[in-house]
Amino acid sequence: MKDRAEARTVLKHFTDGYNEAYRKLDPALVDRVESGALAEIGRADMAAQRAITPGGNPGYPGLVLDDARFTIPKMAGWPKFFLADTRSNRDRNRWLVLFVRENADARWRAAYLSLLAPGSVPQFATDKDGWAQPADAGLAVEPRALSRAYTDFLRTGDGGRFAPGPATTQLRAERAKLTRTPTFWTEYIDTPEGAPGFPPLALRTRDGGALAFFTARHRERRAMVQGVRPEVTDSRTKALLKGSLKQAVTYTRVSESAVQVPAKGTAQVVFLNRIESLTAARGE
């Protein structure tokens, strides 16, 4: 990344490609401008919407991202990345888009999207020339360990690395209600993701911590009691469903998260935004 002018060009290429993909409902177009979890979510969106409107959606209202503020780290190796903090025509949140370039022959693609309320975007550490700093050490949890730490927490509830909230303690409590019911029981399997396909990335903040982005995968198998067949009523799930609904259904979801990671010490990791989306479903 040479400068902010190049970053603006990358942002425009992304929004143009995003809008084209959603107007044509062509999953192949997603991979031109997105990667990682964001691309998985986009391809599933395309597949679900094409099942309903196979001819595309030419009237799709285009996404507009403006008022962009770029945070660009100075990096020698690969992959390279930068953050675009933008205003959207969709809502009042700030849309943070993290762009990644895997190598010299690759194009810039959006790997993470996070929605933060105005005023909640962390302040980043920069040098005298305005370059930001990638963060990979000196943190309460290193970025490359976040996905495994999080999926371990969802499985066991132990560790104390994550602050209570909707993405942590509340999610475990909601799952517990569905573990065993009069008509079905549920098994959850959470698995970490990482480089090269889902690289965790972080930017140093002024307080010595970091804003970090990471991906995780979640499977939910719901088995019905004898004599009860599973039902799927959601249109998106129906479009992604494979197999035959006889006794059980397995949902596969991917999540991408933005978290505030403190410097080494006793403070906990705080989720700022977490987007989870269904990417596959299979009946048994």
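Which residues have the most contacts inside the largest nonpolar core? I noted that this core has 28 residues, and that L11, F14, L65, F70, F82, V97 and F99 have the most contacts inside it. By nonpolar core I mean a set of buried Ala, Val, Leu, Ile, Met, Phe, Trp, Tyr and Cys residues joined through side-chain atoms within 4.5 Å, where buried is under 20% relative accessible area, exposed is over 50% and partly exposed lies in between (1.4 Å probe, protein chains only). The largest share of this core, 7 residues, is supplied by helix 1.

Before going on, I wrote down that the model is predicted, that local features need pLDDT of at least 70 and side-chain atom pairs pLDDT 80 or more, while totals for chains, interfaces and linings use all residues. Residues are numbered from 1 along each chain as its sequence is written, and side-chain values use heavy atoms, without hydrogens and water.

Next I followed L65, which touches L11, F14, T15, T86, R87, S88, W95 and V97, leaving aside residues up to four places away in sequence; a contact means heavy atoms within 4.5 Å.

My last entry concerns T9, which has its place in helix 1; helices are DSSP runs (H or I, at least four residues), numbered from the N terminus. I recorded T9 as exposed, with a relative accessible area of 53%. The C-alpha atoms of T9 and R148 are separated by 35 Å, and these residues are 139 residues apart along the chain.

Terms used:
Helix = DSSP H or I, 4+ residues; strand = E, 2+ residues; numbered from the N terminus.
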